[in-house]
Amino acid sequence: MTADHGFTGLTGFAADVLTSLGDIGVGVLVFLEVLVPPIPSEVILPFAGYLSQSGQLNLGWLFFWSTLASWLGALLLYGLGSAIGMQRAIRLLAATRLVSRTDLERGADWFARSGAWTVLVGRMVPGVRSLISLPAGASRMNLLTFSIYTILGSGLWNALLLGVGAALGTQHEQLEQYLGYLDYVVYGAIAIALVVLVVRRLREGAAARRETVRVDD
C-alpha cells in the first residue's frame with residue numbers, strides 16, 4: 001500500500017514503512033530503534049499517531065505493536081546483559097560507536113543505586129530507555145517483574161507520544177505547509193546527537209590519556 005503522505009527523506013522512509021506494512025510497521029521501526037537507532041521513537045510514534053488520523057492506521061494497534069516491540073527489544077538487551085555480564089556488555093556496545101560508554105555506565109550506576117524501579121521510570125527517559133535493560137539482565141532481575149515494569153513504562157510513553165501525534169493529525173490542513181521542514185528537524189536532532197557523541201568520545205579519550213600519564217608517573 002502506498003500513500004501520498006507528502007513526506008520525504010527520513011520521515012518519508014518512516015511513512016513508507018508505516019503505509020506499506022500497516023500498523024505492524026511501527027513495531028518494526030521501534031524494534032530497530034532499540035538496536036540501531038535510525039530514527040528515535042520521539043519522532044516515530046507521534047508521526048504514526050499523526051498518520052492514524054488519515055484512516056490508514058489504527059491507533060489501538062499502533063499502541064499494541066509499539067509496546068510489544070519495546071518489550072521484545074528490552075528482552076534482547078536483558079538477555080545480552082544476563083549472558084555476558086555488565087562490563088562485557090558495556091565494552092561490546094561501546095565498541096559499536098552507536099552508544100556512549102558514559103551513558104552505558106550511567107545507566108548501570110543508576111540501576112545499582114535505585115534498583116528495579118529504574119526499569120519502570122527509565123522507559124520514559126530518552127537515552128536510558130533501552131540501556132536500562134543491560135544492568136537489569138546482568139543482575140538477573142526477576143524476568144516477570146522486569147517484563148511488567150517494561151510494559152507499563154513503555155506503554156505509558158508510547159501512549160503519550162501516539163496521543164500527541166493523533167492530536168496533531170486533526171490539524172492536518174494547518175500543518176501541511178510545514179511537512180517539508182520535518183526532515184530538517186530530524187536531521188538536526190541526529191547531527192546534535194552525533195556531535196554530543198564525538199565530544200564525549202574526545203573527553204573520554206583525553207581522560208584516559210591523563211590517567212595513563214598519572215599511572216606512568
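Helices here are DSSP runs of H or I of at least four residues, strands are runs of E of at least two, and both are numbered from the N terminus.

First, the basis of the model. This is a predicted model, in which local features need pLDDT of at least 70, side-chain atom pairs count only at pLDDT 80 or more, and totals for chains, interfaces and linings use all residues. Residues are numbered from 1 along each chain as its sequence is written, and side-chain values use heavy atoms, with hydrogens and water left out.

Now the overall picture. The protein chain has eleven helices and zero strands, so along the sequence the pattern reads α-α-α-α-α-α-α-α-α-α-α. Of its 217 residues, 41% are buried, where buried means under 20% relative accessible area, exposed means over 50%, and partly exposed is in between, with a 1.4 Å probe and protein chains only. A contact is a pair with heavy atoms within 4.5 Å. Among contacts in the protein chain with a separation of 6 or more, 72% are between residues 24 or more positions apart.

Next, the record. The unreviewed UniProt entry lists residues 59-81, 143-169 and 181-199 under "transmembrane region". UniProt positions are given in the numbering used here, feature names are shortened, and annotations may be inferred rather than shown by experiment. In the model, residues 59-81 are 100% helix and 0% strand, with 33 Å between the end C-alpha atoms. Residues 143-169 are also 100% helix and 0% strand, and there the end C-alpha atoms lie 37 Å apart.

Which residues does serine 154 contact, leaving aside neighbours within four places in sequence? They are Thr67, Ser70 and Arg123. Serine 154 has a relative accessible area of 3%, so it counts as buried. Threonine 67 is in helix H4 and is buried too, at 8%. With neighbours within four places set aside, threonine 67 contacts Ile151, Ser154, Gly155 and Asn158. Threonine 67 and leucine 156 are 89 residues apart in sequence, with 9.1 Å from C-alpha to C-alpha.

Phenylalanine 146 is another H9 residue. Its relative accessibility is 0%, so it is buried. Not counting residues up to four places away in sequence, phenylalanine 146 touches Ala74, Leu75, Tyr78, Val119, Arg123, Ser133, Ala136 and Met141. From phenylalanine 146 to leucine 120 is 26 residues in sequence and 8.3 Å in space, C-alpha to C-alpha.

On to the cores. A nonpolar core is a set of buried Ala, Val, Leu, Ile, Met, Phe, Trp, Tyr and Cys residues joined through side-chain atoms within 4.5 Å. The largest has 19 residues, of which Leu18, Val26 and Leu51 touch the most other members. Two or more residues come from each of helix H1 (9-21), helix H2 (24-35), helix H3 (41-52), helix H4 (59-84) and H9. H3 gives the most, with six residues. Valine 26, leaving aside neighbours within four places, is in contact with Leu18, Ile44, Leu45, Ala48, Leu62, Trp65 and Ser66. Apart from this core lies another, of ten residues, including Ala74, Ala136, Met141 and Tyr149.

A cavity is a set of points, on a 1 Å grid over the protein atoms alone, where a 1.4 Å probe fits but cannot get out; lining residues have an atom within 4 Å of a point. Grid points are joined across faces, edges and corners, and a volume is the space filled by probe spheres set on the points. How many cavities of 30 Å³ or more are there? The count is one, and the largest cavity holds about 100 Å³. It is lined by 15 residues, and closest to its centre are Glu33, Val34, Ser70, Arg129 and Ser130. H2, H3, H4 and H9 each give two or more residues to the lining.

Last, one backbone detail. Most residues other than glycine have a negative phi. Arginine 140, however, has a positive phi, near 55°. Arginine 140 is in the loop between helix H8 (133-138) and H9, and is exposed, with a relative accessible area of 56%.

Key
1 Å grid on protein atoms, 1.4 Å probe; cavity = no way out; pocket = protein on both sides within 12 Å on 5 of 7 lines; lining within 4 Å.
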